[in-house]
Amino acid sequence: MLMLQSLPIFWRRFFIVLTGTGLAQIIPLTAMPILTRLIPPAELGPYFIWLGVVTVLSVIFSLRLDVAVFNTRTPQELSDLLQTSVVGAVTLAGLAYAGLEIFSHLLPKKATQWNLNQWRIEALILAVIWSVNKGAQNAYIFGAHFRRQAAVRVIQAASVAVAQVAAAWAGWGVQGIILLQTLATGVIVLWNTIDIKRKFKLEFSLFNKEYLKNTFREHWRFPVISMPADTIGSFSGQLPIFLIGNRFGALPAGQFALTNKALATPMKLLAGSVLTVFKEEAARQYRETGQCRDAFTKTLNRLVLIGFLPFTGLFFFSGALFELVFGAEWREAGVYASILAPMFFMQFISSPLSYVFYITNKQFSDLVWQIILVSMTAGVFLVTENIVFAVKLYSLGYGLLYGIYLYMSYKYAKPKPR
């Protein structure tokens, strides 16, 4: 602890966030082997698909107003924003439920075929809770409460893991896992909201049109531009797996999926920890001076320093590493990892810094870039006939686009022209 206090403030915050994020990811991983022994694969498969649907819905329901937290200037504006995000999430969930009811009534066979009736209400409720949680987490960061934010993430992960294992141990199946997970997450997020209200001395009011109008007038770019852009970005990350499976078969798709998961998880852990600290530093600097170039360049240097050696090692040794860790049958995934290492390095240093797009309200540029990224990805895997050549083109195109992304972020981080 004394050693941590002697570090510069950026690195203190980075290690605090990294510890919290790391524990929040390790805890679910330790629970997973227990679940796989108590619940058969035939039941866990649909559960994982359900979680993916909830993840996408939570982005849509949030309207990306959780990101707009860093653009608020007063406690009242923060209070209005958080209340609007809750109203928006509940409203969209209600509309989604009504739409699914109509679809199930008009096309019952299709609804059954696509499993639209399975755990529908639970998915909508948990998506609302997750969308509210995004805003709560960012509120902690906005107020520089990094220790509290890290602690909350760990408590939330532990609560969900205990709830999942308890439901499986009691023999309640996937339905019980979903119900207890939703309940545990909801209780923690409710406590978060009360804690944030106390820490920021916020005054929450009953529903009225004024704070809705004021919030959407001030932050309209987030639901109109950022939310579609982030949805496209999430989709583009999964698109290669879909297209590889469709064109080259299930085996290459599985190899590529393992590569993506093995490289993306530690990368998101490190980059996400840097991003958490960069959000607060850059947003504060931009509010005070009209630019965040200093925070940008310092964070860029730190990202290069953190990522250079690991990704260089992956480029040269990933084949043997994947064979050692996952078995000889997964060596092809290591080949893909070697090809994709430069792309992941560019993504590692560019993604946290792209938060400048939100701070400077350049969401439309981000949307255009995301559309180009999806188009490039689809074109590469639809046109090429050789899987290895397709992965090489994908890595090259993705890396170049992330280089452009990095340049655009730096350009927007510079002082505003007079």
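Mentor: A polar contact is a pair of N or O atoms within 3.5 Å; within protein, one atom must be able to donate a hydrogen and the other to accept it, and residues adjacent in sequence count only if both atoms are side-chain atoms. The model is predicted, so local features need pLDDT of at least 70 and side-chain atom pairs count only at pLDDT 80 or more, while totals for chains, interfaces and linings use all residues. Residues are numbered from 1 along each chain as its sequence is written, and side-chain values use heavy atoms, with hydrogens and water left out.

Trainee: What makes the pair Arg64 and Asp66 a polar contact?

Mentor: Their side chains approach to 3.2 Å, and the limit is 3.5 Å.

Trainee: Why is the pair Arg64 and Asp230 called a salt bridge?

Mentor: A salt bridge requires a side-chain nitrogen of Lys or Arg within 4 Å of a carboxyl oxygen of Asp or Glu. The closest N and O atoms of Arg64 and Asp230 are 2.5 Å apart, and the pair therefore qualifies. This pair links distant parts of the chain, 166 residues apart: Arg64 lies in the loop between helix 3 (41-62) and helix 4 (75-106), and Asp230 in helix 10 (residues 221-248). Helices are DSSP runs (H or I, at least four residues), numbered from the N terminus. Arg64, Asp66 and Asp230 are linked in a network of salt bridges, and the structure holds 7 salt bridges.

Trainee: Why does Arg64 count as buried?

Mentor: Its relative accessibility is 13%. Buried means under 20% relative accessible area, exposed over 50%, and partly exposed in between (1.4 Å probe, protein chains only). Arg64 therefore counts as buried, and Asp230 is buried as well.

Trainee: Why are Arg198 and Asp195 separated by about one helical turn?

Mentor: Because they are 3 residues apart in helix 8 (residues 173-199). Arg198 is exposed at 54% relative accessibility, and Asp195 is buried at 4%.

Trainee: Which element has the lowest mean pLDDT, and which the highest?

Mentor: Helix 1 (residues 2-5) has the lowest, 54, and helix 6 (residues 120-142) the highest, 90. pLDDT is the predictor's confidence in each residue, from 0 to 100. Where it is low, the predicted coordinates should not be read in detail.

Conventions:
Helices (H or I, at least four residues) and strands (E, at least two) are DSSP runs, numbered from the N terminus.
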